[in-house]
Amino acid sequence: MTPDYASLPADLPVPEDDGAARHLEGLIAPDVSLEATDGTRVSLSRLPGRAVIYAYPRTGEPGRPTLVPEWDAIPGARGCTPQACNFRDHHAELIRRGVSHVHGLSTQTSAYQREVAARLHLPFSLLADPHGALTQAMRLPTFTAGGLTLLRRLTLVLDDGRVRQVFYPVFPPDRSVEQVIAWLDAGA
């Protein structure tokens, strides 16, 4: 059976904070160049101003089964498409609140990501880290499924390349941006 990637099951398991992102706040992002879906290269360390980066495991492919049969049972795995749509739908609100850059980040290839960016009409680019250079350099939380190393869902707010705020774990994924907006509105 092919899942409906745009919706979330009611019984989605809630991920627990395993402490794997505690070291990130205050970290200066390494100068790792990532391919973006708009054809540019982006280094988080070189982004001027405030940037919001949401990391996600992988988006599903319409008409294809999940990566592994137990995908929905992995806490934090399901919800990449709803999360991307959440950031798409609230992109202008982030910009109005002083965010200069919004990007999604996964270990999928940029070619794979271009399809989802076009299909979902994303007003921002997705960043590809298929070899795990940024993931390893920042020690981002990961998990393994189907023989692939995937990012755990988290959101980073960076100011001039330094991590200012970390949202981890992110749940539910389809309301991810609301956490960021509430933080921004609280005077961050």
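This is a short talk on the fold of one protein chain and on a few of its residues.

Before I start, please keep in mind that the model is predicted, so that local features need pLDDT of at least 70 and side-chain atom pairs count only at pLDDT 80 or more, while totals for chains, interfaces and linings use all residues. Residues are numbered from 1 along each chain as its sequence is written, and side-chain values use heavy atoms, with hydrogens and water left out.

Let me begin with the whole chain. The protein has 5 helices and 9 strands, where helices (H or I, at least four residues) and strands (E, at least two) are DSSP runs numbered from the N terminus. Along the sequence they come in the order β-β-β-α-α-β-α-β-α-β-β-β-β-α. A compact globule of 188 residues would have a radius of gyration near 16 Å, and the 15 Å of this protein agrees with that; the radius is taken over C-alpha atoms, and the globule rule is 2.2 Å times the number of residues to the power 0.38. Of the 188 residues, 52% are buried, and here buried means under 20% relative accessible area, exposed means over 50%, and partly exposed lies in between, with a 1.4 Å probe and protein chains only. If we take contacts (heavy atoms within 4.5 Å) between residues at least 6 apart in sequence, 71% of them join residues at least 24 apart.

Now to helix H1, which holds Cys80. In H1, 8 of the 10 residues are buried, so the helix is largely enclosed by the rest of the structure. Among those buried residues are Cys80, Pro82, Cys85 and Phe87, and the cover over the buried part of H1 includes E3, helix H2 (91-96), strand E4 (99-106), strand E8 (154-159) and helix H5 (176-185). Cys80 itself has a relative accessible area of 4%, and, residues up to four places away in sequence aside, it touches Tyr56, Pro57, Arg58, Thr59 and Arg153. Although Cys80 and Asp174 are 94 residues apart in sequence, their C-alpha atoms are 8.2 Å apart in space.

Is Arg58 buried or exposed? At 17% relative accessibility, Arg58 counts as buried, and its contacts beyond four places in sequence include Leu67, Trp71, Tyr112 and Leu150.

Finally, a few points about the backbone. The loop between strand E9 (162-167) and H5 contains Pro169, and the peptide bond joining Tyr168 to Pro169 is cis, with omega about -10 degrees. Pro172 lies in the loop between E9 and H5, and the bond from Phe171 to Pro172 is cis, with omega near -10 degrees. Asp160, in the loop between E8 and E9, is not a glycine and yet has a positive phi of about 50 degrees; at 56% relative accessibility, Asp160 counts as exposed.
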